[in-house]
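Please prepare a short briefing on the structure shown below, covering its charged pairs, its ligand site and its backbone angles.

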Amino acid sequence: MRKNIVAANWKMNLDRVEGITLVEDILGKISLDSKTEVVLAPSFIHLYKLGKMCDDRRNIFIASQDCSASNKGAFTGEVSAEMIASCAAKYVILGHSERRTNFSETNELLKLKVGQALANNLEVVFCCGESLEQRHSGAHFEWLNSQISDSLFHLLAEDFSKIVIAYEPIWAIGTGVTASSDQAQEAHNFIRDIVRKRYGGNVANDTSILYGGSCNPVNSAELFSQPDIDGGLIGGASLNADDFVAITDSF
Ligand code: PGA
């Protein structure tokens, strides 16, 4: 059965002390017996320390926000999946729209990054999502299909079980405009359906699909009550412990 997951995407926020303070705050407030898996994705500088802070919590894990498409060598500034795994991270987020847009990440590049992550035993939170123009023109399903199939559908079923998908419509990210629960459910159902066509019903039913885009404590319960929404990837609201913990409690 698939997991419910609430993941915090800190983006390029919080220095060393601020990051530690936020995690202390979250650890003090979060329910210990929650069945929801909680994932914290800080910037690289925090991975090791936050991993240590959370390593006695069975339902809290660490993720990086990206990894290199190469394994090692002369790539100044890059951080490899092997390095991330050595900090005891469980996940890597790949394909966030901010990376696709600001750093020209293509489906082909992301396919390489997915390969690096899986080769180093990291699970992947793979982001996809359409622009407002694509939604208005009705091209969004075709776009989601190509993002997912071009970067992921070469995987064997056993490797696809290491993939979590995050549907993040670009028009909802950081805008305060959330997809309605019907819009989000429709997209999640579409994503589960293409996974079913490629890998079969068992894999599709076991794949966690998260919603991201202005998710907050006010709208999370309704979004997470939809049959194909298995949690959230939370940006802005994850920088406040009370808001983030409230979202983790909203199943
Ligand atoms: P937001 O960001 O919650 O601030 O909209 C979500 C994300 O970009 O992952």
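Arg2 and Asp230 form a salt bridge in which the closest N and O atoms are 2.7 Å apart, a salt bridge being a side-chain nitrogen of Lys or Arg within 4 Å of a carboxyl oxygen of Asp or Glu. This pair links distant parts of the chain, with Arg2 in the segment before strand 1 (5-9) and Asp230 in the loop between helix 11 (220-224) and strand 8 (231-234), 228 residues apart. The model is predicted, so local features need pLDDT of at least 70 and side-chain atom pairs count only at pLDDT 80 or more, while totals for chains, interfaces and linings use all residues. Residues are numbered from 1 along each chain as its sequence is written, and side-chain values use heavy atoms, with hydrogens and water left out.

**Charged pairs**
- The structure holds 15 salt bridges.
- In general, side chains of opposite charge can pair when their charged atoms come close.

**Ligand site**
- Of the 13 residues around the ligand, those that come nearest are Lys11, His96, Glu168, Gly174 and Ser214, where a residue is near a molecule if one of its heavy atoms lies within 4 Å of it.
- The shell around the ligand divides into four nonpolar, seven polar and two charged residues.
- An N or O atom in the side chain of His96 is 2.7 Å from an oxygen atom of the ligand, a polar contact being a pair of N or O atoms within 3.5 Å.
- Through the backbone, an N or O atom of Gly174 lies 2.7 Å from a ligand oxygen atom, and a polar backbone atom of Gly236 is 2.8 Å from an oxygen atom of the ligand.
- Taken alone, the ligand exposes 280 Å², of which the protein buries 94%, with accessible areas from the Shrake-Rupley method and a 1.4 Å probe.

**Backbone angles**
- Most residues other than glycine have a negative phi.
- Lys11, although not a glycine, has a positive phi of about 55°, and its place is in the loop between strand 1 and helix 1 (16-29), helices (H or I, at least four residues) and strands (E, at least two) being DSSP runs numbered from the N terminus.
- Ser104 also has a positive phi, near 55°, and lies in the loop between helix 4 (97-102) and helix 5 (107-119).

How values were computed: Polar contact = N/O pair within 3.5 Å; in protein donor to acceptor, adjacent residues only side chain to side chain. Nonpolar A, V, L, I, M, F, W, Y, C, P; charged D, E, K, R; others polar.
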